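This report describes selected features of a two-chain model.

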Amino acid sequence: MSSRAENLARIARTTAPTLLGFFGVLLLASPLRLFEGTVATPILPLVVVYFWSLYSPGHLPAISVFLIGLLQDLLSGGPLGLWPAVYLAVQYIATSQQAYFLGREVHVVWMGFAVAAVSVSIILWLFMSLLSATLLPIGGLAYQMLTTIAAYPLFAIIFGNLHRRVIIEV
Amino acid sequence: MDVLGKEGRQAFGLRSNSQVGLLLFSLVSLILLLSSLYAAEASVFKKARETALEAASPVLSFFSGPIAWVQDRIGDVGDYFRVLEQNKALREENAALRQWEEEARSLRGVISALQELDAYEQPPEAKPINAFVIGEANEAYAHSMIVNAGADDGVKSGFAAVDERGMIGRIVDVSSNAARILLLNDVQSRIPVFVEGSYVEGLLVGRSTSRPAISITMLADADKIAPGQRVITSGAGGVLPRGLTVGVVDRVNEKEALVDLSADYARTRMVRILSYEFPQVETGAAADGEEGPVDAAVEADATPEPATPTERAPQEAPGASPQAAADAPEARAGAVPPDAAATDEGD
């Protein structure tokens with residue numbers, strides 16, 4: 001009996017980052033409208049993908065990242081494959097620079113997130129402009145990415161605690 | 001390089017495999033993207049979207065309850081500080097509305113008189129379906145909302161969605177219990193509109209700006225458009241009903257006119273989906289005419305000549321045109337009270 005409970009706990013731990021990513025997508029699809037819609041909703045899955053790809057890639061395999069992005073595309077009604085590509089790009093940036101980031105100060109990691117967010121914003125903007133055959137305004141996207149970057153430390157603290165207390169320390 | 005040094009966590013994919021997976025799934029995403037470049041509305045994608053909508057709608061409904069509750073409380077707190085000015089503004093608005101009510105009443109009188117002048121057939125009224133907003137695409141380049149009414153409630157793709165301020169968008173995906181509205185400022189949105197005052201028809205093209213300003217593709221009389229003119233749906237193409245409030249012309253430049261939408265997407269909580277089908281010319285009308293030879297004669301007299309109604313007006317108007325009422329009671333149900341129509345038929 002106890003072994004089954006342990007098993008369940010283990011499954012919950014291993015899938016926690018993925019579930020968190022799905023939760024982030026659902027939050028993004030909810031009519032949150034922070035401060036009467038004046039503040040853009042932070043892209044929580046972006047933080048989830050970056051954070052876990054950096055600190056514990058084994059818990060967030062590429063298929064999870066792909067599915068998180070796919071769910072977001074399906075719910076927002078955008079072209080399929082856009083957000084999976086964006087999130088996988090973030091995962092690539094995080095895992096490739098992992099050796100550099102691990103052990104650095106928190107604000108260095110934060111800057112890394114900012115760089116990743118800006119790079120994927122450019123991909124997003126380019127692709128959507130290509131798709132709609134016009135140069136789209138960049139203001140809304142920049143604002144949302146800035147909100148996400150600004151919200152990163154808050155999420156990083158929460159995820160860091162979760163990571164240390166729940167996922168690693170069995 | 002095992003950073004965390006725990007073997008137990010390898011159940012969900014080895015570190016060494018993740019680079020291969022990353023590559024593999026990036027490839028899959030790119031293929032998906034390329035295929036959506038060429039076939040954005042492919043039925044497979046549409047089906048997938050609708051299935052996702054159906055599955056996610058209970059969860060989103062569950063989320064949106066507490067969110068709405070919190071928003072209400074926050075809104076209330078803000079209101080306490082502004083109660084005086086709001087009260088004043090509301091009183092002014094009330095006075096203005098009362099004037100409009102007077103005008104509307106007098107116009108209603110004029111319209112009913114005009115309707116009685118001729119065997120006027122009303123355009124089919126759009127039947128509303130009420131729904132709550134349970135989801136929203138909070139993305140820079142996707143502007144859509146998810147509402148909790150779907151095919152089971154009679155929602156179909158293409159229907160217009162309005163809120164209390166004006167038109168907000170058009171239904172694009174429908175599942176059994178939820179539907180997605182493509183908002184007017186989405187890059188994919190194209191709505192036929194009409195500019196009051198300048199009589200220009202055009203297409204309202206979404207441009208994904210955070211402030212809902214939208215361009216109209218110009219037609220012949222473009223230079224007549226001036227800021228402040230109202231923009232309504234034109235009904236061209238027969239997809240949307242004519243006359244839904246869209247917005248007001250904000251700015252005009254050499255190529256396009258920017259429209260300030262009446263809808264305020266940050267405040268849209270309840271929407272009304274208008275089930276509208278373009279009036280079809282049915283063979284049933286001819287069959288009706290054959291049924292009643294007397295009425296058919298009157299109709300044949302009335303319909304082709306536009307001058308006759310005005311001539312007949314003095315005699316017909318007070319009598320509430322019994323033939324016409326008997327002719328098409330369904331069509332006139334909106335104009336004539338049901339009991340009046342019944343007595344006419346009894347006669």
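## Helix packing in chain A

Helix H4(A) passes H5(A) in a right-handed crossing; a crossing counts as left-handed if the near helix is turned anticlockwise from the far one by less than a right angle, and as right-handed if clockwise. Helices (H or I, at least four residues) and strands (E, at least two) are DSSP runs, numbered from the N terminus. The model is predicted: local features need pLDDT of at least 70, side-chain atom pairs count only at pLDDT 80 or more, and totals for chains, interfaces and linings use all residues. Residues are numbered from 1 along each chain as its sequence is written, while chains are lettered from A and ligands numbered from 1 in the order in which they are written.

Two packed helices are described by the angle between their axes and the distance between the axes. H4 (residues 62-76) and H5 (residues 82-96) of chain A have axes that come within 7 Å and cross at roughly 145°. Axes are lines fitted to C-alpha atoms, for helices over the stretch in contact, and angles run from 0 to 180 degrees between N-to-C directions. On the H4(A) side the contact includes A:Ala62, A:Val65, A:Phe66 and A:Ile68, and on the H5(A) side it includes A:Leu82, A:Trp83, A:Pro84 and A:Tyr87. Two residues are in contact if their C-beta atoms, placed from the backbone, lie within 7 Å. The residues of this contact divide into eleven nonpolar, three polar and one charged. Here Ala, Val, Leu, Ile, Met, Phe, Trp, Tyr, Cys and Pro count as nonpolar, Asp, Glu, Lys and Arg as charged, and the others, Gly among them, as polar.

## Chain A as a whole

Chain A has eight helices and zero strands. Its radius of gyration is 17 Å, close to the 15 Å that the globule rule gives for 170 residues, so chain A is as compact as a globular protein of that length. The radius is taken over C-alpha atoms, and the globule rule is 2.2 Å times the number of residues to the power 0.38.

Along the principal axes, the C-alpha atoms of chain A fill a box of roughly 60 × 35 × 30 Å. Buried residues make up 48% of its 170 residues. A residue is buried if 20 or more other C-beta atoms lie within 10 Å of its own, exposed if 12 or fewer, and partly exposed in between, with C-beta atoms placed from the backbone. Among contacts in chain A between residues at least 6 apart in sequence, 65% join residues at least 24 apart.

## The barrel of chain B

In chain B, a closed barrel of six strands runs E1-E2-E5-E4-E3-E12, with antiparallel pairing. Neighbouring strands of this sheet are turned by 45° against each other on average, direction ignored. Two strands pair if DSSP finds at least two bridges between them.

E4(B) is mostly covered, with eight of its eight residues buried. On one side E4(B) pairs with E3 (residues 160-162) in the antiparallel sense over three bridges, and B:Val162 stands opposite B:Met167. E4(B) also pairs with E5 (residues 179-183), antiparallel over five bridges, where B:Val174 has B:Ala179 as its bridge partner. Each pairing is a hairpin: four residues lie between E3(B) and E4(B), and four between E4(B) and E5(B). E5(B) in turn pairs with E2 (residues 144-147), antiparallel over four bridges, with B:Met145 bridged to B:Ile181.

## A buried glutamate

B:Glu50 is found in helix H2 of chain B. This residue is buried because 22 other C-beta atoms lie within 10 Å. Leaving aside neighbours within four places in sequence, B:Glu50 is in contact with B:Asp173, B:Val174 and B:Ser175. B:Glu50 and B:Ser175 are 125 residues apart in sequence and 5.2 Å apart in space, C-alpha to C-alpha.

## Contact between the chains

In the interface, 51 residues of chain B are in contact with 45 residues of chain A. The elements of chain B that give two or more residues to this side are helices H1 (15-38) and H2 (43-81) and strands E1 (127-136) and E4 (167-174). H1(B) gives the most, with 14 residues. The residues on this side of chain B divide into 29 nonpolar, 15 polar and seven charged.
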